[in-house]
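I opened the notebook to record what I looked up in this model. The entries follow the order of the checks.

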Amino acid sequence: MVKFYLLIGGFFSTIAAIMAFLITYQEYSKHFKDRKIVMKISLEGAIVVFIFFFILMFLVILANSYNFKPGL
């Protein structure tokens, strides 16, 4: 079950990172003429989003492994 969560977390984290990259690249390309700066900012944003969602999935796995039930 943990492998399933890691697979799902990795998949959706990757999709979220790609979307964050595309959105930030498009927005910052309107403000900066230098593509190196735009690429750097977009990659940083994508990496942060990937790490955030992967950690979030790790916390879900951790909560599931301890049978955490919120509100009880």
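For burial I count a residue as buried when its relative accessible area is under 20%, and as exposed when that area is over 50%. The model is a predicted one.

Entry, a single residue. I looked up S42 and found a relative accessible area of 0%, so S42 is buried. I placed S42 in helix α2. Leaving out residues up to four places away in sequence, I listed F21, T24 and Y25 as the residues that S42 touches.

Entry, the helices. I noted 2 helices and 0 strands in the chain. The radius of gyration came out at 16 Å, well over the 11 Å that the globule rule gives for 72 residues, so I put the chain down as more spread out than a compact globule. For the C-alpha trace I wrote spans of about 50 × 25 × 15 Å along the principal axes.

Entry, the helix pair. Helix α1 covers residues 2–29 and helix α2 covers residues 35–65. I found that their axes come within 7 Å and cross at roughly 155 degrees. Angles over 145 degrees count as roughly antiparallel, which makes α1 roughly antiparallel to α2. I recorded the crossing of α1 and α2 as right-handed.

Entry, chain totals. I have 15% of the 72 residues down as buried. Of the contacts between residues at least 6 apart in sequence, 64% join residues at least 24 apart. The accessible surface of the chain is about 6,000 Å², and carbon and sulfur atoms account for 75% of that surface.

How values were computed. Residues numbered from 1 in each chain as written. Predicted model: local features only at pLDDT ≥ 70, side-chain atom pairs only at ≥ 80, totals over all residues. Heavy atoms only, no water. Helix = DSSP H or I, 4+ residues; strand = E, 2+ residues; numbered from the N terminus. Rg over C-alpha atoms; globule rule 2.2 N^0.38 Å. Buried < 20%, exposed > 50% of the residue type's maximum accessible area, 1.4 Å probe, protein only. Contact = heavy atoms within 4.5 Å. Areas by Shrake-Rupley, 256 points an atom, 1.4 Å probe, with all protein chains shown as cover. Axes fitted to C-alpha atoms, helices over the stretch in contact; angles between N-to-C directions. Parallel < 35°, antiparallel > 145°, perpendicular 65-115°, else oblique. Left-handed = near helix turned anticlockwise from the far one by under 90°.
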